[in-house]
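Let's take a walk through this structure together, one region at a time. Have your viewer ready, and follow along as the elements come up.

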Amino acid sequence: MDYKQIIEQYLPSMSGAKTYGNLIMQGIPVENIRSVINHLYNERKLPLKFITATDERKEGNGFKIIYIFGIPKENLFLAPYIQLKETEDFPSLMEAIHAAYGYERKIKTFFGLNPINHINPAKMILHENWPEGLFPLRKDFHWQSRPAEASAPYVFGKVEGEGIYEISVGPVHAGIIEPGHFRFSVAGEEIINLESKLGYVHKGSEKLFEILDMNEKVRLSERISGDTSFTHSLAFCQAVESLAEIKPSFRAKYLRVIYSELERLANHLNDIGFIMLDTGYSFGGSNGARLREMIMQINERLTGSRFLRGVNVIGGVTKDIPPQTSGDLLEELASIKKDFSEVINIVENSDTLLNRLKDTGKLGRQIALDHGAVGIAAKGSGIQIDARVDFPYAAYNEINVKIATEETNDVYARFRVRIKEVFSSVEIISEALKNMPEGELSENSAKISLKKNCYSVDIAEGWRGDIVYFVATDADGNISRVAVRDPSFVNWAVVGHAVKGNVVPDFPLINKSFNLSYSGNDL
Amino acid sequence: MEILSWTIQLAFVPAMSPLFIGIVRKIKALMQNRQGADIFQPYRDLRKLFHKDEVISQDASWIFSLAPYLVFATTLIIGAGIPIFTLFFGSIIPSDFLALIYLLAFGTFWLALSGIDVGSSFGGFGSSREMTLSAIAEGGLIFSVLSLSILSHTTNLFGISSFILSLGFSRFAIVIGLAFFAFLIALLAENSRFPFDNPATHLELTMVHEAMILEYSGKRLALMEWAAANKFLIFILLAANLFFPWGIAGSLGIISILSALGILTAKILILCAFVGILESTIAKYRFFRLPDLLFTSFVISAIVIELIIQIQ
């Protein structure tokens with residue numbers, strides 16, 4: 001399909017659409033935005049991938065609020081947007097699209113634009129010590145300015161009733177994990193409500209993207225969520241490559257596929273182990289850790305970095321896999337796969353383990369859909385969603401990827417999705433290693449120049465779910481805005497639903513079955 | 001010789017309990033393909049904790065300060081009054097199994113009280129879970145020992161032990177085996193082992209025993225840890241000496257004491273291995289599934305008692 005057809009199909013009787021690579025931007029009058037978005041989301045069933053904003057007041061464009069939809073199977077994005085020139089209010093889309101809830105709150109917090117008719121336009125991520133009326137992503141906020149310390153009260157939702165009491169957990173936890181505060185309202189052991197308060201690892205990453213030079217930007221994208229270094233930098237590099245009109249070689253594309261699957265393998269094996277460890281099943285726990293370590297050592301041997309950092313650059317990758325290594329890798333993966341199947345055969349016969357996993361932490365399919373859940377959370381509730389298939393980036397269009405889904409909605413479903421993806425990742429790597437063409441590793445990225453006043457969107461399937469990057473350039477061709485949507489940001493909203501009705505001692509297990517990133521959420 | 005025997009009888013539990021905790025941990029580590037810490041590590045941990053300063057919440061009352069001493073002292077008293085390697089003290093030590101169970105309950109009571117004393121949410125639910133579990137576990141515990149008591153017509157632990165010893169391998173072997181199984185379930189519950197509690201967990205929200213002692217540090221934590229180790233060894237000793245008293249010393253000669261200690265060690269090691277292997281091969285149960293298991297223990301004990309009455 002070409003762009004004209006797509007615009008005619010999805011946005012009939014609109015004019016002035018602009019295309020930027022695989023992104024179609026269409027300005028919409030503010031008063032029409034509700035009906036347009038409603039049409040795309042509820043009638044055309046396009047997946048809403050991101051809602052973000054830019055501050056283009058200097059260019060005389062005011063603020064833009066951009067609604068990014070993906071067109072599955074095409075690797076194309078359709079982005080209607082509105083411009084706010086005289087006003088700081090914009091219509092909230094919450095009534096039509098529940099998934100807009102978090103995005104609009106975030107725009108409110110960081111740009112100071114007010115979503116009208118939003119049910120809870122409270123500040124998020126920024127804490128009570130951040131002063132009112134100071135919006136860090138506006139261009140007139142200098143990144144090094146240090147705001148005066150405020151102390152606004154934070155009010156948790158109250159659940160009242162006989163025998164209801166509150167348990168507050170965190171932000172600092174036992175064990176080496178990221179910080180986040182959880183407020184449980186429980187009746188005995190049963191969880192009635194869970195409110196999570198995140199934002200403890202807010203680092204101002206999106207603002208930093210506007211300041212750092214290009215190589216540093218890539219390094220920053222590797223650190224958005226440390227366990228997803230490769231896929232995050234991949235999404236960012238692909239977005240910038242489309243702005244610079246650089247086309248990486250096919251070899252680089254294949255290598256990117258291999259490295260991102262290695263990252264998926266390491267994290268899935270780790271999670272499979274940790275889910276079992278959280279039930280106290282130490283056999284599974286130690287085997288998960290052992291298998292993950294084998295992948296980490298492969299990563300280190302191939303690239304010099306256990307977390308595959310420093311591999312992605314604008315225009316390709318820095319580390320090759322020579323043919324002799326590739327043969328060894330194939331053998332090694334085959335033996336890891338055999339090893340893993342043996343472990344899984346044993347654990348799948350453990351009654352005590354299955355009893356803990358099954359029927360725990362059920363996430364209803366409709367709830368997952370309404371919140372726009374992605375990745376493992378959605379796949380465990382039977383939703384067919386995977387950026388590798390829907391938006392085939394890198395070399396995924398030449399590789400056979402089957403979306404792994406489970407229908408039982410519980411911890412066991414998410415556990416099974418990971419197991420299936422471990423097997424499919426091994427297949428993908430083997431296929432990619434065999435079919436990898438010759439070619440340059442990377443384009444010369446020393447003197448890249450980006451298109452001016454341009455936008456780009458890129459998506460990549462991290463192991464948690466799809467990662468979306470939105471990048472904009474100004475009139476000088478410098479990057480003026482990078483918006484990041486880690487899968488954790490949308491999936492945190494469904495954790496509270498999945499734990500309802502479960503007992504408190506099962507919360508760590510349910511939480512681990514999602515294993516969301518705090519850093520990726522807080523940015 | 002008598003002095004030696006008395007020393008062993010009084011000091012065996014507190015002196016040896018950290019070692020067996022260390023052995024269980026070592027077995028678990030080996031089962032998980034880890035090297036694991038040395039079996040003497042619990043002693044070093046205790047020494048370290050005894051040398052550390054304490055942090056005590058400003059909301060803590062005298063209960064919080066006193067509880068560790070009471071909990072520890074209870075285990076010392078119980079540990080001195082149970083059959084260990086010989087039955088010779090039976091006539092001297094007043095050792096009644098009902099007294100033992102309620103001394104244990106006394107310790108649990110203070111432990112639970114100390115958990116809620118500071119008012120932290122973890123201590124609160126740790127105590128609440130502990131009381132729920134120990135209330136249900138008590139049935140299985142009392143009834144499993146009671147069955148032996150009915151069999152031997154005495155509630156004196158030394159008496160029970162010597163009667164079972166005199167039975168040899170008889171038609172009662174099966175009922176004793178069943179009662180042992182019921183006792184074993186109670187043992188795991190009372191000592192916060194799998195599948196009831198995970199002694200190695202770092203997840204605050206799933207803890208039972210660890211949640212209650214979460215606020216303790218330094219010397220008082222050392223006492224709490226040591227008391228927990230003592231309690232574990234007491235249960236292991238009861239399991240070894242009430243249900244399988246064979247090998248216990250018949251005279252106070254050095255050879256007979258040594259051989260009794262040797263056999264005892266072997267029995268304890270078998271039970272430790274059982275606990276270690278169990279903890280490496282199963283997952284912890286769902287909290288609300290635990291009462292089922294404890295009721296199983298109770299029902300088995302009840303059946304055993306009925307069988308004994310029938311056979312007699």
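Predicted model: local features only at pLDDT ≥ 70, side-chain atom pairs only at ≥ 80, totals over all residues.

Within the pairing, A:Ile66 has A:Tyr81 of β5(A) as its bridge partner, and A:Phe63 stands opposite A:Leu84 in β5(A). The two strands form a hairpin with four residues between them. In that turn you will find A:Lys73, whose phi is positive at about 70°.

Now turn to another partner of β5(A). Strand β2 of chain A, residues 23–27, is joined to β5(A) by five bridges, and here the two strands run parallel. In this pairing, A:Ile24 stands opposite A:Leu78 in β5(A). As background, strands of a sheet pair through backbone hydrogen bonds, in either a parallel or an antiparallel way.

Let's step back to the domains of chain A. The chain is divided into domain 1 (3–116), domain 2 (164–197) and domain 3 (205–313 + 321–522). The C-alpha centres of domain 2 and domain 3 of chain A lie 27 Å apart. Their contact takes eleven residues from domain 2 of chain A and twelve residues from domain 3 of chain A. On the domain 2 side, β9 (181–187) and β10 (190–197) of chain A each supply at least two residues, and β10(A) gives the most, with four residues. By class, this side of domain 2 has six nonpolar, two polar and three charged residues.

Next comes a helix pair in chain A. Helix α6 (residues 229–244) and helix α7 (residues 250–278) of chain A pack at an angle of about 145°, with their axes 8 Å apart. The contact is made by A:Phe230, A:Thr231 and A:Leu234 of α6(A), together with A:Arg256, A:Tyr259, A:Ser260 and A:Glu263 of α7(A). These residues comprise three nonpolar, two polar and two charged.

The axes of α4(B), residues 97–117, and α5(B), residues 121–152, come within 9 Å and cross at roughly 175°. The two helices are therefore roughly antiparallel to each other. Among the residues of the contact are B:Phe97, B:Ile101 and B:Thr108 of α4(B) and B:Gly123, B:Met131 and B:Leu141 of α5(B). The residues of this contact divide into eight nonpolar, eight polar and one charged.

How do the two chains meet? In all, 25 residues of chain B are in contact with 23 residues of chain A. On the side of chain B that touches chain A, the elements giving two or more residues are α5 and α10 (254–281) of chain B. Of these, α10(B) gives the most, with three residues. By class, that side of chain B has ten nonpolar, nine polar and six charged residues.

Finally, a few backbone details deserve a look. Most residues other than glycine have a negative phi, and most peptide bonds are trans. Against that background, A:Asn453 has a positive phi of about 45°; its place is in the loop between α14 (411–435) and β13 (455–461) of chain A. A:Asn453 counts as partly exposed because it has 16 C-beta neighbours inside 10 Å. B:Asn33 also has a positive phi, near 60°, and lies in the loop between α1 (2–31) and α2 (41–50) of chain B. With 12 other C-beta atoms within 10 Å, B:Asn33 is exposed. The peptide bond from B:Phe194 to B:Pro195 is cis, with omega near -5°, and B:Pro195 is found in the loop between α7 (173–190) and α8 (209–212) of chain B.

Methods: Residues numbered from 1 in each chain as written. Chains lettered and ligands numbered in written order. Axes fitted to C-alpha atoms, helices over the stretch in contact; angles between N-to-C directions. Parallel < 35°, antiparallel > 145°, perpendicular 65-115°, else oblique. Contact = placed C-beta atoms within 7 Å. Nonpolar A, V, L, I, M, F, W, Y, C, P; charged D, E, K, R; others polar. Pairing = 2+ DSSP bridges. Domains from an automatic or database assignment. Buried ≥ 20, exposed ≤ 12 C-beta atoms within 10 Å, placed from the backbone.
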